[in-house]
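Hi everyone, thanks for having me. Let me put the structure up.

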Amino acid sequence: MTAAPSIVVIGGGPRGTGVIERIAASAAELYGDRPLDLHVVDPHPAGGGRIWRPDQSPLLWMNSMAEDVTMFTDETVEPAGPVVAGPALDAWAEDVRAGRITPDADPAVLAEIHGLGGADFPTRRLQSVYLRWTYERALAALPPGITVHEHRTTALTVTGPRGGRQRVRLQDRPEPLLADLVVLTVGHLDAEQDPEQVELAGFARRHGLVHLPPDFTADSDLDVLRPGEPVIVRGFGLAFVDLMVLLTEGRGGRYERGEYLPSGREPVLYVGSRRGVPYHAKIGYPWTGERPPLPEHLGPAWTEELLSRTGPIDFRRDIWPAVAKELGHAHYHRLFTAHPERTALAHEVFAEKYAAADPGSPELAGLIAEAVPDPADRLDLDALDRPLDGVRHESPEALQEALRAYITADLKRRHDPEHSEDLAVFLGLLSVYAQLVRLGDIGSWWHGFFSYLASGPPGPRLQQLLALSRAGLVRFLGAGLTVETDEEQGLFRARSATVPGAHTEARALVEARLPDPSLRHTASPLLRALRDGGAAVTDDGLLAVDPADSRVLDDEGRPHPRRFALGPFTTARAGGAFTRPRTGGPAFRQNDAAARAALTFLRDLSCRGRLAS
């Protein structure tokens, strides 16, 4: 008896769930009622996976409002497969409250659902329930010929010939899974420590210090950070926010009327980074009125032209000027249409001249200066990216006051619709990201810049940061942070360019960031085996995939017919596995292309009756 074709999805988090949802959407069209075994491999519950697992602290929030989170396609995604409508997180919560959906959830999480509004920031454990429901809905939509098998374990290797069935070895199973196709959606994984981290860890062991390397904060052993002691924290993004929450409220402190009341169990966090400032707060008002037409200067035609060029692509030379012009287009379109009193030129005249001017040219700068009198109304991406460049303070105390003022101003602006050009730039960033993922690996800088401007913390988190600063439990170190080791004294020492001559000493150092997704330093045996087995890896350590359908490329640039990969460890990494409704989520388009390519391959294989062993 001939075995049914089989596909193994390695990684059951939101990316794997999204691929399965797209398989369900196109299965009837491309595969029919043929039998198929679908295996899902993940040591954590499918739906949320590791990062969005249900057993997390209720203090940990998403950094998106409930109305801005969806797992479902719409026509803006422009998928080749069917658009299958589904509720965003806030609409799903309303369905739960109305009794139309009955999720399997802890009573405490159900209570959160019943109090959730569209502008609220949900907890991660609540998002886990939404993701699990999405996963179960996708399974229910599969044709009856598809049988699903879940394996709560870790995949160790994928082997097999290009022209034959693949073998997926699992951690706790002697016999491998046989797969006609394998889809890797493993998400964020642990990494081996790079040379600097190895050196810091060795120093900490020699002197009995604490060193916490890059990690998912919820998995870090924070109990080793002792009350009252100084802790140097390198990193000021979302991982820092999680760390801040778990070491303050997580240790019994609380906020009353904007002030923090400590429990006495908190350490003192000395935080700095390359920029020296936290990520910009999430924008706290909805869009109204006319949207900027996007894409305008950086669209599919621009992307195709760039891809057609011979020779290497340089981000700063070939890409960044077009990015800056597109973001400027979004900014000024909104300024002229929503706040014309702050402009000095007819919008039509400005738009025509702006379109004709070369990115970064003196002509463009002169046009903007003429049309927008107040420099504060002009888009200065360099100043946004590095607000402390060239800024110097005479003392650490002066820096504390200045940075509190900076954060306060950022919060005020990001919640003031009179500056709605900021929201237009956010929409521009989403549009640009959707195009740039088509280019493959363009380096890590762009992804960091995007996250800094577009994926920052909820406003209430920065309010809490201000309260902790006033309480003396968070101390700002500034930009250009460096960490040294003192063998004689057995201490970590941090210095910053922002306060020349000052330094901070501590017996604990925390690297507040996720591990690098590079395959060159991955701790995943699965990805190491792919790397060492001939899969193409870029200079930045990303797994090279075909931008058309996410098939894994070998070191000769050939797509593997039976292996797909999607996620942050690949050259086609997108902004996230879920996104805002009606923003053309590039991850959804990637999921759709991979799912349809996989179904077409399996259908043709089944029709030929040639299941190679």
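So, by the pairing rule I used, the count comes to 21 aromatic pairs. Keep in mind that this is a predicted model.

Let's zoom in on one pair, tryptophan 320 and phenylalanine 449. Their ring centres are 5.5 Å apart and their planes meet at 90°, so we call this pair edge-to-face. Are they buried or exposed? Both tryptophan 320 and phenylalanine 449 are buried.

Ring pairs join Trp320 and Phe449 with Phe315, Tyr433, Trp445, Trp446 and Phe450 in a cluster. One of these rings, tryptophan 445, has the charged end of arginine 316 sitting over it, 4.4 Å from the ring centre. You'll find another example at tryptophan 61, where the charged end of arginine 461 is over the ring, 3.6 Å from its centre.

Leaving out residues up to four places away in sequence, what does it touch? Tryptophan 446 touches Phe315, Val323, Leu429, Val432, Tyr433 and Leu436. The largest nonpolar core has 87 residues, and Trp446, Leu436 and Phe240 touch the most other members. There's a second, separate core too, with 29 residues, including Val9, Val19, Ala46 and Ile146. For the general background: in soluble globular proteins, nonpolar side chains tend to be buried together.

Terms used
Residues are numbered from 1 along each chain as its sequence is written. This is a predicted model: local features need pLDDT of at least 70, side-chain atom pairs count only at pLDDT 80 or more; totals for chains, interfaces and linings use all residues. Side-chain values use heavy atoms; hydrogens and water are left out. A nonpolar core is a set of buried Ala, Val, Leu, Ile, Met, Phe, Trp, Tyr and Cys residues joined through side-chain atoms within 4.5 Å. Buried means under 20% relative accessible area, exposed over 50%, partly exposed in between (1.4 Å probe, protein chains only). Contact means heavy atoms within 4.5 Å. Rings of Phe, Tyr and Trp (its six-membered ring) pair if their centres lie within 6.5 Å; planes under 30 degrees apart count as stacked, over 60 as edge-to-face and the rest as tilted. A charge sits over a ring if NZ of Lys or CZ of Arg is within 6 Å of the ring centre and within 35 degrees of the ring normal.
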